[in-house]
Amino acid sequence: MLVSFPACDTTSDQAADVTETYIKMIYPEKVVTGQTIYIVGSNFKDVTEIVLPDNITIKDFERTGFNQLSVVAPSGLKNGFVILRAGGKEYKSPNEIKAVTPTFSVVFPTAVKTGEEVTIKGENLLEVQQVIFPDDIVVDALHFKRKSDTEIIVVVPPGTINGDGVLKIVTLSGTILTTTIISIEVIEIPDETSKVDPITPNTIILLDYEEHGGHNGYWDNGWGGNTEIAKDAETGNTFLRVTGNLNNNWVMNCNHQGNITATWPWSVADAENYIIKFDVLIPSDVDGTGVKGMQFIFGDKWDYWFGDNLVPKTTDGEWVTIRVPFTKWNKQGFLDFKSGTNGLFGTVPKGVCFDNLRIDPM
Ligand SMILES: [Ca+2]
């Protein structure tokens, strides 16, 4: 009996392979409760369930990017492989995730003054979200001087109180670890020069993520995905954080100014006398040189190419104002921001934060 394998069969098999669901990797390798687990691969459109180790089935996962799924690690997560269910089939991850618990070991120095650094040592500290000083003074992870798996360094905040006390270490799951006792001395700190330019009555705010006339910042999440609207626990400020690498995509964007009850003007008569500003915060564990190929968009016009080196390598967890005058592009005369899109576009690594896209007179 003759069995033939016509060439077209081979072709269709290859085509089938290309459309098959496939997990390339799953990260991070070590996961604490409440942390986001990312699954990267291809052909995820038919995925209906993510099965975590110990057969925990999750249906309400998120599609956080092209060929990327994410799921928040539930409490009681076990070590093991992750499985995707798609079209009646199961697909296993090539690597395992490991469920870990943050632990505290030591804090030093044991006598500190406000404005000085204090170091907390332990294990699996990467996903700690806050350190709380006596009198409930919160230092958000955003502002840690250093954050690694085994070490957190924070500056003792001026609002805390004199005397002996413990620091509370808050993990992503909300679990609180407590340090041993340290002694804190509150001292007068000379006025620190802020690296952020003030917002004045003459500032034209294009995008500050705060609520204006029933319109809140959640409308302004990045169109490119991989961003979140976050709130600073210390200051109450709302801003945009990049949660996954953005590759030549929208970072800040807004095209609805006409819909909100704004009090500021939406045009200028003399662009040559104005400077574009925005605030950026680069956490200590992120490399700002990964911010590349940046361009501004104003009034729906893609006339404002900047390129690389728009932001510094790091801002050490502090907000810093970036300034670019319109004269960089020889812009003069009337510019209108009230219709169309205003924003920032480009390549930005995970973790960088943005706020207050604005126009100021020089
Ligand atoms: Ca803001």
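## Exercises on strands, cores and loops

An open sheet of 3 strands shows mixed pairing and the order β12-β21-β18. Strands here are DSSP runs of E with at least two residues, numbered from the N terminus, as are helices, which are H or I runs of at least four residues. Two strands pair if DSSP finds at least two bridges between them. The structure is a predicted model, in which local features need pLDDT of at least 70, side-chain atom pairs count only at pLDDT 80 or more, and totals for chains, interfaces and linings use all residues. Residues are numbered from 1 along each chain as its sequence is written.

**Exercise 1.** Carry out the corresponding analysis for the open sheet of 4 strands.

*Solution.* The order is β25-β32-β28-β29, and the pairing is antiparallel. At the edges stand β25 (246-254) and β29 (301-307); each has a single partner strand, so one side of each lacks a neighbour in the sheet. Strand β28 (residues 292-298) is joined to β29 by 4 bridges, and Phe296 stands opposite Tyr304 in β29.

**Exercise 2.** Locate the largest nonpolar core and identify the residues that touch the most other members.

*Solution.* A nonpolar core is a set of buried Ala, Val, Leu, Ile, Met, Phe, Trp, Tyr and Cys residues joined through C-beta atoms within 7 Å. A residue is buried if 20 or more other C-beta atoms lie within 10 Å of its own, exposed if 12 or fewer, and partly exposed in between, with C-beta atoms placed from the backbone. Of the 56 residues in the largest core, Val280, Leu344, Val352, Cys353 and Phe354 touch the most other members. Strand β27 (residues 274-281) supplies the largest share, 5 residues. Domain 2 (103-185) and domain 3 (204-361), whose bounds come from an automatic or database domain assignment, both give residues to this core, so it lies between them. Leaving aside residues up to four places away in sequence, Leu344 touches Val251, Met252, Phe278, Met294, Phe296 and Leu357; contact requires C-beta atoms, placed from the backbone, within 7 Å. A second, separate core has 19 residues, including Ile37 and Val82.

**Exercise 3.** Examine the backbone at Pro28, Pro109, Asn55 and Asn309.

*Solution.* Consider the prolines. A cis peptide bond, with omega about -5°, joins Tyr27 and Pro28, and Pro28 lies in the loop between β1 (22-27) and β2 (30-31). The bond from Phe108 to Pro109 is also cis, with omega near -5°; Pro109 lies in the loop between β11 (103-108) and β12 (111-113).

Asn55 has a positive phi near 60°, lies in the loop between β4 (47-52) and β5 (56-58), and is exposed, with 9 other C-beta atoms within 10 Å. Asn309 has a positive phi of about 60° although it is not a glycine. Asn309 is found in the loop between β29 and β30 (319-325) and is exposed, with 12 other C-beta atoms within 10 Å.

Note on methods:
Two residues are in contact if their C-beta atoms, placed from the backbone, lie within 7 Å.
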